[in-house]
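These notebook entries record what I looked up in one structure. I took up the surface, the charged pairs and the open space in turn.

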Amino acid sequence: MPNSDEQAAIRERAANDPFCARVGIDLADFGEGYAETTLTLDEDHLNFHGTPHGGIVYTLADAAFAAASNSHGDAAFALETNISYLAAADVGETIRAVAEETHLGGRTAEYEVVVSDESGDRIATFRGRVYKPSR
């Protein structure tokens, strides 16, 4: 369990991810085994159908997954991920990804990430496993 200074440093690194900043993803909440990210959808996030690109929804979920899985202070590396797309959101909406640890084992951990729209309706479900070599 990291101390408060270590926890703040982890949060700072996750909040300042350069790729997330480039696409507009913010770290909204963070704790051990938990993270929330948000993104306000704009025209640049759309695919040729005029709906949010699956890659941006995946990226939002992956950012929450990364923050949550690294929240314990030891480095976590993705082993596998998958996502199920359930619905689309609209331009101007702020979508949210909430990552929660569902299993913390010896050197692996598992996370579920729920992506929802402003009404709280689920638009995607993401699952991921990580490897933690220092555990």
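**Entry 1**

I began with Leu-79, which I found in strand 3, a run covering residues 77–85. The model is predicted, and I read each value with that in mind. I looked up the relative accessible area of Leu-79 and noted 45%. Leu-79 is therefore partly exposed, since that class lies between the cut-offs of 20% and 50%.

**Entry 2: salt bridges**

I next asked how many salt bridges the structure holds. The count is four. I reminded myself that side chains of opposite charge can pair when their charged atoms come close.

I looked up Glu-36 and Arg-96, whose side chains meet in a salt bridge at 2.7 Å, N to O. Glu-36 belongs to strand 2 (residues 34–40) and Arg-96 to strand 4 (residues 94–104), so this pair ties together parts that are 60 residues apart in sequence. Glu-36 counts as buried at 13% relative accessibility, whereas Arg-96 counts as partly exposed at 32%.

I turned to Lys-132 and Asp-74, which form a salt bridge at 3.2 Å, N to O. Lys-132 lies in the segment after strand 6 (122–131), and Asp-74 in the loop between helix 3 and strand 3, so the pair ties together parts 58 residues apart in sequence. Are these two partners buried or exposed? I noted that Lys-132 is buried, with a relative accessible area of 0%. Asp-74 also counts as buried, at 13%.

I then examined Arg-127 and Glu-112, where the salt bridge is 3.0 Å, N to O. Arg-127 is in strand 6 and Glu-112 in strand 5 (residues 108–116), so the parts tied together are 15 residues apart in sequence. I recorded Arg-127 as partly exposed at 40%, and Glu-112 as partly exposed at 24%.

**Entry 3: the largest pocket**

Finally, I looked up the largest pocket, in which about 340 Å³ of space lies. Of its 21 lining residues, I listed those closest to the centre: Ala-14, Asp-17, Ala-63, Ala-66 and Ala-67. Which element gives the most to the lining? I found that helix 3 does, with five residues. Helix 1 (4–15), helix 2 (18–23), strand 1 (26–31) and helix 3 (54–69) each supply at least two lining residues. By type, I noted twelve nonpolar, four polar and five charged residues in the lining.

Technical notes. Residues numbered from 1 in each chain as written. Predicted model: local features only at pLDDT ≥ 70, side-chain atom pairs only at ≥ 80, totals over all residues. Heavy atoms only, no water. 1 Å grid on protein atoms, 1.4 Å probe; cavity = no way out; pocket = protein on both sides within 12 Å on 5 of 7 lines; lining within 4 Å. Points joined across faces, edges and corners; volume = space filled by probe spheres on them. Helix = DSSP H or I, 4+ residues; strand = E, 2+ residues; numbered from the N terminus. Nonpolar A, V, L, I, M, F, W, Y, C, P; charged D, E, K, R; others polar. Buried < 20%, exposed > 50% of the residue type's maximum accessible area, 1.4 Å probe, protein only.
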